[in-house]
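Me: I would like to go through this structure with you, one topic at a time. Shall we begin?

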Amino acid sequence: MERFEKVVPRKGTRSVKWDMAKDLYQDKDVLPMWVADMDFETPRAVTEALKERVEHGIFGYTIPDDLVKKEITQWLENRHRWEIHADWISYSPGVIPSLHMIIQSLTEIGDHILIQTPVYPPFYSVIKDHGRHVVKNPLYLNEERYNIDFDDFEKKIKENQVTMFILCNPHNPVGRVWSKEELERMMDICLKHDVKVVADEIHADLIYKGNVHIPIASLSKEAANQTITCLSPTKTFNLAGLQASYLVIPNDSDKKKVDHHFKNQGMMMLNTLGVTAMEAAYRHGEEWLDHLNTVLESHRDYVIHRFHSETSSIRVLPAEGTYLLWMDCRELGMTQSELKSFMQKEAKVGLNDGASFGVEGEGFMRLNIAAPKSIIEEGVSRMVKAVQDKEK
Ligand SMILES: Cc1ncc(COP(=O)(O)O)c(C=O)c1O
């Protein structure tokens with residue numbers, strides 16, 4: 001059987017996606033298509049490396065050594081044409097912990113931090129939790145594509161004396177892979193007003209044909225110096241539970257501050273199996289990833305085709321990257337709570353509530369398409385039928 005068609009039961013594995021769905025959606029029959037992990041097995045080479053490491057039987061303190069850094073630098077060079085120095089790398093259990101650490105070490109209480117909404121919900125809390133203020137540069141929808149309002153971007157920076165900007169590229173939930181021109185315009189404004197750029201590029205490897213992921217720090221020497229990039233193999237290779245990620249910080253002074261903060265919080269190491277998985281995934285995972293991206297792309301096209309040919313009130317935006325689809329359900333004419341209840345109780349699918357990404361997400365829902373085709377077909381059929389009944 002094709003490796004991306006195999007259905008691996010996840011219930012009972014302490015899976016957030018599958019084992020929390022019953023409580024979250026108050027229905028045991030809801031099909032979970034929410035949180036951002038995949039229902040695909042990680043590449044075989046990663047499982048084999050983990051097995052071998054587990055067989056060793058000793059799980060003492062572990063250092064990610066130069067071999068791991070070599071895999072990371074090669075990966076970034078091969079996949080993203082970004083040449084970095086190994087000593088720009090720091091490690092972190094996850095991108096969310098990194099955002100907490102970066103904000104605490106490079107901004108002050110009361111500072112203003114800019115985000116582009118709708119956006120991944122923790123972007124709000126990592127700012128607010130530390131007494132900083134959220135400044136929004138809302139994205140706007142033109143036909144089927146979200147765009148940046150650059151005038152508003154600069155105006156908000158000037159008006160609020162913004163000190164940091166958290167970029168999401170590729171963007172969760174709207175699926176944009178920002179173009180070189182868009183990145184350059186944002187970077188120019190940030191350099192002009194001395195705004196630190198934090199680039200959350202966790203979805204960098206999940207890119208569809210016709211699009212190229214450009215790390216914003218790779219634009220120029222000045223851009224590199226202004227940017228802290230957060231990356232990880234966890235979305236790419238379905239390793240989120242192993243909690244291993246890294247940061248790339250070319251600016252030596254910023255790196256020292258961030259590293260110091262991690263150390264102060266007692267976070268100086270990665271978990272043993274996370275290190276093994278990261279190394280194996282980057283060393284052996286390229287061919288698997290290319291295959292994954294073609295599968296995801298065919299799922300994206302399938303979902304769009306079904307909704308657009310069989311319903312008139314749901315438009316699905318053609319994501320350029322990520323395995324997350326942003327569904328415009330506004331034509332259904334429901335309030336957000338009616339929409340959530342409709343998806344849950346009538347369609348029996350567990351999606352992410354669009355409004356959790358900010359008020360700009362009202363009328364939208366987020367769908368995860370990283371599952372075997374049979375699961376995607378089942379979920380889409382449930383939604384299409386429920387919408388058709390509504391449209392009658
Ligand atoms: C944009 C973005 N950043 C960060 C994360 C989570 O990262 P981590 O699990 O490494 O904390 C996610 C997960 O969905 C995400 O979509």
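Me: Is Arg382 buried, partly exposed or exposed?
Reply: Arg382 counts as partly exposed, because its relative accessibility is 23%. Please keep in mind that this is a predicted model.

Me: Which residue does the side chain of Arg382 meet in a salt bridge?
Reply: The partner is Glu378, with an N to O distance of 2.7 Å. Glu378 is likewise in the partly exposed class, as its relative accessibility is 38%.

Me: Where do Glu378 and Arg382 lie?
Reply: Both belong to helix α15, which covers residues 373-391. Four residues separate Glu378 from Arg382, about one turn of the helix.

Me: How many salt bridges does the structure hold?
Reply: There are 33 salt bridges in the structure. One of the arrangements is a network that links Arg10, Lys17, Asp37 and Asp39.

Me: What about Lys51: with which residue does it form a salt bridge?
Reply: Lys51 forms a salt bridge with Glu48, and their closest N and O atoms are 3.7 Å apart. Helix α3 holds both residues, and they are three residues apart, about one turn of the helix.

Me: And is Glu48 buried, partly exposed or exposed?
Reply: Glu48 is partly exposed, with a relative accessible area of 37%. Lys51 is also partly exposed, at 45% relative accessibility.

Me: Turning to Arg176, is it buried or exposed?
Reply: Arg176 counts as buried, because its relative accessibility is 2% and the class takes in values under 20%. Its side chain meets that of Glu182 in a salt bridge of 2.7 Å, N to O. Glu182 is buried too, with a relative accessible area of 10%.

Me: Next, Lys180. Which helix does it lie in?
Reply: Lys180 lies in helix α8, residues 180-192. At 45% relative accessibility, Lys180 is classed as partly exposed.

Me: Leaving aside neighbours within four places in sequence, which residues is Lys180 in contact with?
Reply: With those neighbours set aside, Lys180 is in contact with Ile214 and Leu219. As for His213, it is 33 residues from Lys180 in sequence, and the C-alpha to C-alpha separation in space is 8.8 Å.

Me: Let us change topic to the open sheet. In what order do its four strands come?
Reply: The order is β11-β12-β15-β14, with antiparallel pairing. The edge strands are β11 (315-316) and β14 (352-353), each of which pairs on one side only.

Me: How many bridges join β11 to β12?
Reply: Two bridges join β11 to β12, residues 324-328, and these strands run antiparallel. Arg315 has Asp328 of β12 as its bridge partner.

Me: Which strands does helix α14 lie across?
Reply: Helix α14, residues 336-347, lies across β12, β14 and β15 (364-368). The helix runs at about 30° to β15.

Me: One last topic, the surface. Which residues make the nonpolar patch of about 430 Å²?
Reply: That surface patch is made by Tyr61, Met268 and Met269. Tyr61 is found in the loop between α3 (44-56) and α4 (66-80).

Me: Why does Tyr61 count as exposed?
Reply: Tyr61 is exposed because its relative accessible area is 81%, and the exposed class takes in values over 50%.

Note on methods. Residues are numbered from 1 along each chain as its sequence is written. This is a predicted model: local features need pLDDT of at least 70, side-chain atom pairs count only at pLDDT 80 or more; totals for chains, interfaces and linings use all residues. Side-chain values use heavy atoms; hydrogens and water are left out. Patches are made of residues with over 30% relative accessible area and no salt bridge: like charges are joined within 9 Å, nonpolar side chains (Val, Leu, Ile, Met, Phe, Trp, Tyr) within 5 Å. Accessible areas come from the Shrake-Rupley method with a 1.4 Å probe; for residues, only the protein chains shown count as cover. A salt bridge is a side-chain nitrogen of Lys or Arg within 4 Å of a carboxyl oxygen of Asp or Glu. Buried means under 20% relative accessible area, exposed over 50%, partly exposed in between (1.4 Å probe, protein chains only). Two strands pair if DSSP finds at least two bridges between them. Contact means heavy atoms within 4.5 Å. Axes are lines fitted to C-alpha atoms, for helices over the stretch in contact, and angles run from 0 to 180 degrees between N-to-C directions.
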